[in-house]
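Q: Hi! Could you walk me through this protein, one piece at a time?

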Amino acid sequence: MQAFAKINLFLDVLGKRADGYHDIFSVMQSVDLCDDLAISIAEENEFFCDDGNVPTGGDNLVVKAVNALAARYGFEEKFKIELVKRIPMGAGLAGGSSDCAATLLGVNELLGFKIPSDELLEIGKSLGADVPFCMVGGTAITEGIGERISPLPPHPPCYIVIACPEINVSTAEIFSRLGNFQNSTDRKISSVENVNKFLQAYENKDLRGMAASFYNVFTAVTAGLHPEIKELIASFREAGAVGAEMSGTGSSVFAYFDDEKAAEKALNISKNTFLCKPVQP
């Protein structure tokens, strides 16, 4: 199973809910940077990863996915899962969520259960906000806490460079700082106006129009703590990117190019970079 990374082409927070979570509006995109999972039936549940920094105990979303399925459907089969990790952790690329989604889909397929997609999505939602999108993939609007998904038509072709600086970003801290930012004059644009511009450009397959409308409400917050984020975005634009933005709460930055050679050259801007393309289901 391949577990694809995601980027947020548009991301805004609409407000805080009574349950403590936040309502979001986002346009997410799968890219071909991926982890690989090999899932097979075994005598005991076993989870291995080639990256020693990845925990393999009960807190890992892959393990949680298997346990959630077993608890709900009562099967007795055990699984050996081997994960080849390529998506950087804690970068706003949903690597753990994508591994979780691939596990849910893979176990369902391996056992021939044919669990309805709405049931799998409900299980995914309980495990992580990005898991439902990672199960659907492609390009989609996500709303609520990430569980309401509206797929969009196929993404136009382009080259995407993703840079992952070695910065530790606390999602909880970024969310806690967001309240003051949203109520300040630092908020540069109207979210409604910008998303309409983005969706219109997307409908017209206007890559430059899309890139000009990239937006992430967290960028100013995270970049305020880590100026490297803003410097990366500026460097990509200077290198010929038609647009660049941060993904999630950070720390990864992605840049869109309509020229392959320019994209390849931009890989030298930062140490930990990847050249990607959009993925459709």
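Q: Where does S251 sit?
A: S251 is in the loop between β9 and β10. Keep in mind that this is a predicted model.

Q: OK, and what kind of peptide bond joins G250 and S251?
A: That one is a cis peptide bond, with omega at about 15°.

Q: You mentioned β9 and β10. In which sense do they pair?
A: They run antiparallel to each other, and the pairing covers 4 bridges. In this pairing you'll find A244 opposite A255, which belongs to β10.

Q: Which sheet are they part of, and in what order do the strands come?
A: It's an open sheet of 4 strands, ordered β9-β10-β7-β11, with antiparallel pairing.

Q: How much are neighbouring strands turned against each other?
A: On average by 20°, if you ignore direction.

Q: Switching topic: what about the phi of A94?
A: A94 isn't a glycine, yet its phi is positive, about 60°. You can find A94 in the loop between β4 (78-84) and α2 (95-111).

Q: Is A94 buried or exposed, and why?
A: A94 counts as buried because its relative accessibility is 12%, and the cut-off for buried is under 20%.

Q: And what does phi look like for K114?
A: K114 has a positive phi too, near 55°, and this residue is also something other than glycine. Look for K114 in the loop between α2 and α3 (117-127).

Q: Buried or exposed, that K114?
A: K114 counts as exposed, because its relative accessibility is 77%. For exposed, the cut-off is over 50%.

Q: Now pockets! How much space lies in the largest pocket?
A: About 1200 Å³.

Q: How many residues line it, and which lie nearest its centre?
A: The lining has 45 residues, and nearest the centre of the pocket are A94, S97, A129, D130 and T171. So A94 turns up again here, the residue that counts as buried at 12% relative accessibility.

Q: Which element gives the most to that lining?
A: That's α2, with 4 residues. Other elements that supply at least two residues each include β1 (2-16), β2 (22-42), α1 (61-73) and α5 (171-182).

Q: Last one: how do the lining residues divide into nonpolar, polar and charged?
A: For the largest pocket, the lining has 23 nonpolar, 14 polar and 8 charged residues.

Terms used. Residues are numbered from 1 along each chain as its sequence is written. This is a predicted model: local features need pLDDT of at least 70, side-chain atom pairs count only at pLDDT 80 or more; totals for chains, interfaces and linings use all residues. Side-chain values use heavy atoms; hydrogens and water are left out. Two strands pair if DSSP finds at least two bridges between them. Axes are lines fitted to C-alpha atoms, for helices over the stretch in contact, and angles run from 0 to 180 degrees between N-to-C directions. Buried means under 20% relative accessible area, exposed over 50%, partly exposed in between (1.4 Å probe, protein chains only). On a 1 Å grid over the protein atoms alone, a cavity is a set of points where a 1.4 Å probe fits but cannot get out, and a pocket is an open set with protein on both sides within 12 Å along at least five of seven lines; lining residues have an atom within 4 Å of a point. Grid points are joined across faces, edges and corners, and a volume is the space filled by probe spheres set on the points. Ala, Val, Leu, Ile, Met, Phe, Trp, Tyr, Cys and Pro count as nonpolar, Asp, Glu, Lys and Arg as charged, and the others, Gly among them, as polar.
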